[in-house]
Amino acid sequence: MQSYHTFHSKVFLNLSKSLFELPFKSIIFNKNIVTKPPCRNYSAPPKRFYRKVGILKSDGKYEITLDQRKLKTPKGTILKVDNEALALAVATEWDSQKEVIQRNNMHLTALSSTVIDNPNNNTKYDIVQQILSFLDTDTILFYSKEEDGLYQLQQKEWQPQIDWFCERFEVTLAATESIGIVNVLPETKAALQRQLLSYNFSAIHGFLFAVEALKSIILTSACVERRLNISNAVLLSRLEEEYQCGHWGRVEWAHDLSQLDLQARVAAAVLFVHLNSASEQMVTKKKVANS
């Protein structure tokens, strides 16, 4: 039982003996703290300040324009991308904004800015090591035997992806039923490291973004290699959740929103990988044709 007494702009709070083994414990609080509960303030998203979005080519690269302004990264550098297709995709993100700018939904813009600003001063090798760190805890390498139905579903849906991954990259991986990390052979990590290092600096950022979203190198690789479409990869990454929803029902505004947000993230990441890889392929073809 709590009782409040006000005296000279102070508040005295009496607490019961069961809490402090004392008849009464008087604690003085500032009156403002008691009468005004703490609140968290969020900055409002900026309003759309431009009418038209365009792209222009400059020094072999493409820039995005907002009316007469050039789009810049958070560090103030002009945002430049290597190919027209990626520039159009980034411009589409900005053109699709309505009254306010929702930056948290502009994944291609964020990825392009991260590549240019490189806020953590990462090298390509650093990013590859971050990706490989997910292999020991890859989502689809952990089966649950607590429910027979879920276990059978995991074997049916996940095992073909694991088998494909091992055959495609000539590595050895096995699923586990324990709660510990998977024991990955050094040879497997070395082979995957060589594969990941074949991506350029921009593309590897997209690969990492997809792995962080799906929590799976295997599913990300299947998307990038066009074995799985985005929707199926997301469903496989959420297999246990979908199984439970099948038994207990879905909360549409929560489960559906979470699923669509994940699909958007993975789709942007895979597109970013493909567009940045395609630019290198086009350059290589031109060199071969000229020689």
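This report walks through a predicted model of a protein chain, from its overall make-up to a few individual residues.

## The chain as a whole

Let's start with the big picture. The protein chain contains 12 helices and seven strands. It has 291 residues, and 40% of them count as buried.

Helix 7 runs over residues 186–197, which gives it 12 residues. From its first C-alpha to its last it reaches 16 Å, close to the 16 Å expected at 1.5 Å a residue.

Which residues of helix 7 are buried? They are Thr188, Ala191, Leu192 and Leu196. These residues lie on the same side of helix 7, because they cover an arc of only 135° around the axis. A general rule is handy here: an α-helix has 3.6 residues a turn, so residues three or four places apart point the same way. On the other side of helix 7 you will find Pro186, Glu187 and Arg194, which are exposed. The cover over the buried residues of helix 7 includes helix 5 (124–132), helix 6 (148–169) and helix 8 (201–214).

## Aromatic rings

Now for the rings. Across the whole structure, a search finds eight aromatic pairs. One of them joins Tyr143 and Tyr151: the ring centres are 6.0 Å apart and the planes stand at 80°, so this pair is edge-to-face. Are these two tyrosines buried or exposed? Both Tyr143 and Tyr151 are buried.

Elsewhere, Phe49, Tyr50 and Trp94 form one aromatic cluster.

## Two loop residues with positive phi

Here is some background on backbone angles. Most residues other than glycine have a negative phi. Lys215 has a positive value, with phi near 60°. Lys215 is found in the loop between helix 8 and helix 9, and at 41% relative accessibility it counts as partly exposed.

Arg226 also has a positive phi, near 65°, and is a residue other than glycine. Its place is in the loop between helix 9 and helix 10. Is Arg226 buried or exposed? Arg226 has a relative accessible area of 63%, so it is exposed.

## Asn229 and helix 10

Asn229 sits in the loop between helix 9 (217–224) and helix 10 (230–237). With a relative accessible area of 44%, Asn229 is partly exposed. What does Asn229 do at the N-terminal end of helix 10? It caps that end: a side-chain oxygen of Asn229 lies 3.3 Å from the backbone nitrogen of Ser231. The side chain of Asn229 also reaches the backbone nitrogen of Asn232, at 2.8 Å. Asn229 and Ala267 are 38 residues apart in sequence, while their C-alpha atoms are 9.0 Å apart in space.

Within helix 10 itself, the buried residues are Ala233, Val234, Leu236 and Ser237. Why do they count as being on the same side of helix 10? The reason is that they cover an arc of only 160° around the axis.

Arg238 is placed in the loop between helix 10 and helix 11 (239–248). Its relative accessible area is 7%, so Arg238 is buried. The side chains of Arg238 and Ser258 are joined by a polar contact of 3.2 Å.

## Asn276 in helix 12

Our last stop is helix 12 (residues 252–290), where Asn276 has its place. At 3% relative accessibility, Asn276 counts as buried. A polar atom of the Asn276 side chain lies 2.8 Å from the backbone oxygen of Phe272.

Which residues does Asn276 touch, not counting those up to four places away in sequence? They are Asn83, Leu86, Asn200, Ser202 and Ala203.

Methods
Residues numbered from 1 in each chain as written. Predicted model: local features only at pLDDT ≥ 70, side-chain atom pairs only at ≥ 80, totals over all residues. Heavy atoms only, no water. Helix = DSSP H or I, 4+ residues; strand = E, 2+ residues; numbered from the N terminus. Buried < 20%, exposed > 50% of the residue type's maximum accessible area, 1.4 Å probe, protein only. Polar contact = N/O pair within 3.5 Å; in protein donor to acceptor, adjacent residues only side chain to side chain. Expected span 1.5 Å × (residues − 1). Arc of directions from axis to C-beta. Contact = heavy atoms within 4.5 Å. Phe/Tyr/Trp six-rings, centres within 6.5 Å; stacked < 30°, edge-to-face > 60°.
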